There are 2 protein chains.
Amino acid sequence: MKILSLDEIKSRIDLSKIIAMQEDGFKAFSAGKVDVPPVGYLKQHNPPGSYHIKYGLIENDDVWVVKIAGGPSGLPSSGMMVAISTRDGKPQAILQDNSYLTHLRTAIAGLISAKYLAPKSINAIGVLGTGEQARMQVDILRDWTDCRTIYVWGRNAEKAQKYKADMESKDFEVTIAENASDVAKRCNLIITTTSARQPLLKASDIQPGTHITAMGADAPGKIELDPELIAKADILAVDNKSQCIDHGEICQAYEQKLIADKDLIELGEIIANSALGRTDKNQITIVDLTGVAVQDIQIAKAVIAA
Amino acid sequence: MKILSLDEIKSRIDLSKIIAMQEDGFKAFSAGKVDVPPVGYLKQHNPPGSYHIKYGLIENDDVWVVKIAGGPSGLPSSGMMVAISTRDGKPQAILQDNSYLTHLRTAIAGLISAKYLAPKSINAIGVLGTGEQARMQVDILRDWTDCRTIYVWGRNAEKAQKYKADMESKDFEVTIAENASDVAKRCNLIITTTSARQPLLKASDIQPGTHITAMGADAPGKIELDPELIAKADILAVDNKSQCIDHGEICQAYEQKLIADKDLIELGEIIANSALGRTDKNQITIVDLTGVAVQDIQIAKAVIAA
């Protein structure tokens with residue numbers, strides 16, 4: 001059994017290979033070839049905190065993967081993955097990634113979303129939120145777009161300053177926007193990564209031709225985009241239809257019947273048939289990412305095989 | 001993080017301490033102090049097989065434990081446990097026990113059942129089944145009873161012969177019985193460890209003063225004891241009421257309304273108040289064991305702390 005530390009995992013990252021495997025994973029998922037049982041949850045009261053257990057198996061695959069992640073509230077999420085051989089049932093590898101692979105596969109889902117849905121030419125990248133994903137989502141777009149201009153907004157001014165400094169050290173040009181609406185006025189690619197519980201962007205904020213990757217809402221009650229904005233999208237993509245309807249960014253619009261099942265398309269369907277992606281530069285496109293176990297399976301496999 | 005191999009785990013076994021911790025675990029569970037979310041299941045089709053993921057947390061504990069076990073059908077179940085710190089959410093130990101700790105804690109649950117429910121004097125130990133638990137359940141009774149007489153029955157004559165030879169090498173005197181009924185006629189402590197789907201023992205087979213530990217039925221459709229026998233028990237104990245009602249040995253008797261909730265008592269309740277155990281040498285007592293995550297939590301903790 002391989003036991004891989006975070007450093008060993010990082011040394012095994014072959015980004016282009018991982019991206020290709022993530023695309024394959026989304027395709028397999030949307031083709032119904034992945035068994036993804038319901039996510040397990042555990043709460044702790046002392047100190048308060050929570051965990052989730054995500055696992056799944058791609059049809060006929062050699063391994064399946066369990067991810068255990070979470071921890072006390074307020075601390076960075078901890079996490080690990082276990083890959084188990086379907087040949088003998090034995091653990092094949094333990095990836096002590098401390099949630100790094102989750103962050104990376106989530107950022108890659110944003111990149112894949114942009115690849116199929118964002119306009120060809122990006123004038124500026126808008127970012128709501130100043131945390132880990134606000135950094136990784138932008139950084140990973142580096143090879144895909146020449147745009148190095150960021151407009152960022154976050155609730156906490158100090159964290160926004162820190163974000164600006166960090167991203168400027170990576171050769172981005174960063175402006176701190178006064179509010180979310182200001183970000184939307186200046187950017188045609190927007191990434192939302194907050195834990196907001198009131199919409200930050202309204203339908204009227206968004207310019208034609210804008211793509212939005214929304215990944216903050218991962219539980220009922222969280223919302224970053226106004227339901228009217230969700231309803232306005234020309235293409236409304238999700239990583240997992242049932243999960244996004246249950247607790248993703250789109251769930252309130254769905255509850256309010258502003259959108260219906262027929263308005264949703266899974267990312268894996270678009271990857272399998274790119275004609276289903278952006279076809280016009282003026283379309284407004286939105287992707288709702290909630291995270292699917294197939295992403296964990298595929299990134300664990302890539303790291304193990306590297 | 002500690003990573004413990006099977007050999008290291010075996011070298012850390014302090015049986016009396018583990019037994020005490022198992023009793024504490026059952027008590028905590030029956031006192032409502034253990035969060036045991038629903039067990040997760042995963043099936044694989046190629047090769048056919050299945051896994052389960054059991055996890056839980058004892059109120060205010062320093063670690064919680066996830067157990068991943070299973071594998072291709074026909075191969076011995078593989079398994080491992082992960083203990084995660086509730087202080088920082090990080091994995092504290094990985095126990096590569098290959099299901100050894102599950103076998104051991106299951107055998108210990110049988111020992112605890114006998115301790116509180118079996119008659120004081122055992123004339124012979126009856127065993128249905130010839131597998132791992134048929135061995136461990138008897139072996140672990142060694143310090144608790146002087147009885148070294150076994151009557152065993154199993155479907156497969158060759159495996160029964162192997163069982164006889166193995167247990168005789170451990171100083172037991174073993175007779176292979178012609179059928180399950182014959183076992184019951186000769187023994188006042190019976191352990192059932194088969195995967196039968198038709199009852200092996202009827203109410204009329206059982207002598208007054210007999211204790212039965214039934215642990216084969218762990219899924220709907222499996223049954224070792226006739227529902228009439230279940231209904232005849234003077235004390236009907238279970239490790240986990242809702243789980244046993246759902247898919248344990250007692251579930252058919254419950255469905256047929258031969259027994260009701262009021263007839264059931266949890267092992268943890270008896271451990272907390274031994275007056276609820278056997279009070280008369282002529283009572284027929286039955287324990288239905290289906291396995292609870294608290295057993296895994298407690299044995300993992302004992303091994304880590306050793």
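Q: In which sense do strand β8 and strand β9 of chain A pair, and over how many bridges?
A: In this predicted model, strand β8 of chain A covers residues 125–128 and strand β9 of chain A covers residues 149–153. One of the residue pairs is formed by Gly126(A), whose bridge partner in β9(A) is Tyr151(A). The pairing of β8 and β9 of chain A is in the parallel sense, and the number of bridges is 4.

Q: Which strands are the edge strands of the open sheet in chain A?
A: The open sheet has 8 strands with parallel pairing, and their order in chain A is β10-β9-β8-β11-β12-β15-β13-β14. From one strand to the next, the twist averages 20°. An edge strand here pairs on one side only, and in chain A this applies to β10 (173–176) and β14 (264–266).

Q: What angle does the direction of helix α5 of chain A make with that of β10(A)?
A: Helix α5 of chain A, which spans residues 157–168, packs on the sheet and touches β9 and β10 of chain A. Of these two strands, β10 of chain A is an edge strand. The direction of helix α5 of chain A and that of β10(A) make an angle of about 170°.

Q: Which element gives the most residues to the side of domain 1 of chain A that touches domain 2 of chain A?
A: Chain A is divided into domain 1, made of 2–101 + 294–305, and domain 2, made of 119–292, and the centres of these domains, taken over C-alpha atoms, are separated by 24 Å. Where the domains meet, 9 residues of domain 1 of chain A are in contact with 8 residues of domain 2 of chain A. On the domain 1 side, the elements giving two or more residues are α2 (15–30) and α11 (293–305) of chain A. With 5 residues, the element that gives the most is α2(A).

Q: How many residues on the side of domain 1 of chain A that touches domain 2 of chain A are nonpolar?
A: The contact involves 9 residues of domain 1 of chain A. By class, this side has 2 charged and 2 polar residues, and the number of nonpolar residues is 5.

Q: What kind of axis relates chain B to chain A?
A: Chain B can be laid on chain A with an RMSD of 0.0 Å, by a turn of 180° and a shift of 0.0 Å along the axis. The same surface serves both copies, since 100% of the contact residues of chain B recur in chain A.

Definitions and conventions: Residues numbered from 1 in each chain as written. Chains lettered and ligands numbered in written order. Predicted model: local features only at pLDDT ≥ 70, side-chain atom pairs only at ≥ 80, totals over all residues. Domains from an automatic or database assignment. Contact = placed C-beta atoms within 7 Å. Nonpolar A, V, L, I, M, F, W, Y, C, P; charged D, E, K, R; others polar. Least-squares fit on C-alpha atoms with pLDDT ≥ 70 in both. Pairing = 2+ DSSP bridges. Axes fitted to C-alpha atoms, helices over the stretch in contact; angles between N-to-C directions.
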